[in-house]
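The entries follow the order in which I checked them.

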Amino acid sequence: MPEDAVISYVKANQERNLQQLFDLLRIPSVSAQPAKHGKDVERCATFVADSLRDAGMENVRLVQTPGNPIVYADWLHAGEGAPTVLVYGHYDVQPPEPLDLWTSPPFEPTIRDGKLYARGATDDKGQMFAHVKAVEAHLKTHGKLPVNVKFFIEGEEEVGSKNLDRAIEELRKELACDVVLVSDTAMKGEGQPAITYSLRGLIYFQVDVTGPSSDLHSGTWGGSLANPNEALVQALAKMKDPKTGKVKIPGFYDGIKVTKEDRAAVAKSGYPDSYYKKSMAIKALWGEKGWSAAERTSIRPTFEVNGIYGGYQGDGAKTVIPAHAHAKVSMRLVGGQNPEKITRSFEKYLKSVALPGVEVKVTRLSAGFGAKVPLDHPAMQAATKALSDTFGKKPVYLAEGGSIPVVATFQKLLGVNTILMGFGLHDENLHAPDEHIRVANYQRGIEASARFLHEVAKVPL
Ligand code: BES
Ligand code: MN
Ligand code: MN
């Protein structure tokens, strides 16, 4: 079978494919730190483009945006009636800080115990690069691909993909395809492959509370005014009911419909509460009453305070009332919720509960929609077969708590669905110190991607 030759090629090139991933991981393409890493981001885009060219892809180019470049490539010779697969991924990574918590430096890839440690190993360089190596295996073995393939690899995912929707709109024709393939999600566990069929949306805010015109001596002035730090925490504390864990922003839950089937699916494929307790090393779980941890992290929305700062933070004591205080706040949204309505309601409610004398400013930093992929989509069958053949086990179907907003954008602007075939694991410290990927899953990811291209050619798209 021609397919076997491709898999043999992948197996024969494991060491080389690993070394090239090492080279990619050595580039500190941190999109959140343009002053420090802007050049590295450019270098990384070029590295990805060169890898695609070496793999045999054509029309490789960097699409310039007001931000970081997007890498585009295609190979369109599969012939009459052949479907087109668009591979999306991201080459940018999260900041590595705090550096002292890494066992080995974040941009010096290191293998320990079958795990490859580096910033971006699982999110998303390792997963994205698996597809580059998969097309290479096809092209070097047979000089062709079973389907038309386009690559669209962005460099601003970790900072909210500000310039992406615009680029997709402008490139609408070039990006035309039958299905999108993304590997930027997780498997269910070691050896248990998964396809993600649902993602949550995300809205993210900066909250600034301003009080007096200057910092004040807390003895002279304290007691006469609302302290901005306190005004901020008091207001934030009113966003959630401490008894029920319900979000109190008016209208927050409007439009949500969770069906019996949704709950049954999560009960079947989600982790038990004990997994959450153990993984997070926490004594007790807490959250919205009446829902399991698996449900609360997938099919229910959340409100989180991601950062909070204000006043004196140095050594020792300083008797001061700060002039201002700040917080970073985000909400994960599920199907039916209206991000615009919730944004307005949050701002209004937060201002209404703030103590007198302070000014509250709410700035939305980003907004992304969640998405659902129909389980009966024909490409789901192809992905199921590819994963089953690669891992020797049928995939489970997961509702993910994290967000990949471009999936909704592809639905809206290109009218296509996305297959989310993840090769990471939830315990691989993405966004945290000691991020890693199982080396075996990177290698299997290449195989699964190669098989997917073969299988997807056979289903009606
Ligand atoms: N790859 C993640 C999404 C993800 C997280 C999938 C966890 C599966 C498990 C992606 O790079 C990411 O970090 N997304 C951000 C949102 C984005 C708009 C910054 C997220 O979910 O916080
Ligand atoms: Mn990612
Ligand atoms: Mn990420």
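Is Tyr275 buried, exposed or partly exposed? I found Tyr275 partly exposed, with a relative accessible area of 26% (buried is under 20% relative accessible area, exposed over 50%, partly exposed in between, with a 1.4 Å probe and protein chains only).

Ground rules. I am working with a predicted model, in which local features need pLDDT of at least 70 and side-chain atom pairs count only at pLDDT 80 or more, while totals for chains, interfaces and linings use all residues. Residues are numbered from 1 along each chain as its sequence is written, chains are lettered from A and ligands numbered from 1 in the order written, and side-chain values use heavy atoms, without hydrogens and water.

Entry on aromatic pairs. I counted rings of Phe, Tyr and Trp (its six-membered ring) as a pair if their centres lie within 6.5 Å, with planes under 30 degrees apart called stacked, over 60 edge-to-face and the rest tilted. By this rule I get eight aromatic pairs. Phe205 and Phe346 form a tilted pair, because their ring centres are 4.9 Å apart and their planes stand at 50 degrees. Phe205 is in strand 9 (residues 201-210) and Phe346 in helix 10 (residues 339-353), so I noted a link between distant parts of the chain, 141 residues apart (helices, H or I, of at least four residues and strands, E, of at least two are DSSP runs, numbered from the N terminus). Phe205 is buried at 0% relative accessibility, and Phe346 is buried at 0% as well. Tyr275 and Tyr276 make an edge-to-face pair, 5.7 Å centre to centre with 90 degrees between the planes. Tyr276 counts as buried at 13%. I also noted a cluster in which ring pairs link Phe205, Phe303 and Phe346.

Entry on charges over rings. I required NZ of Lys or CZ of Arg within 6 Å of the ring centre and within 35 degrees of the ring normal. Arg112 lies over the face of Tyr117, 4.0 Å from the ring centre. The charged end of Lys246 sits over the ring of Tyr253, 5.1 Å from its centre.

Asp123 and Glu158 are buried.
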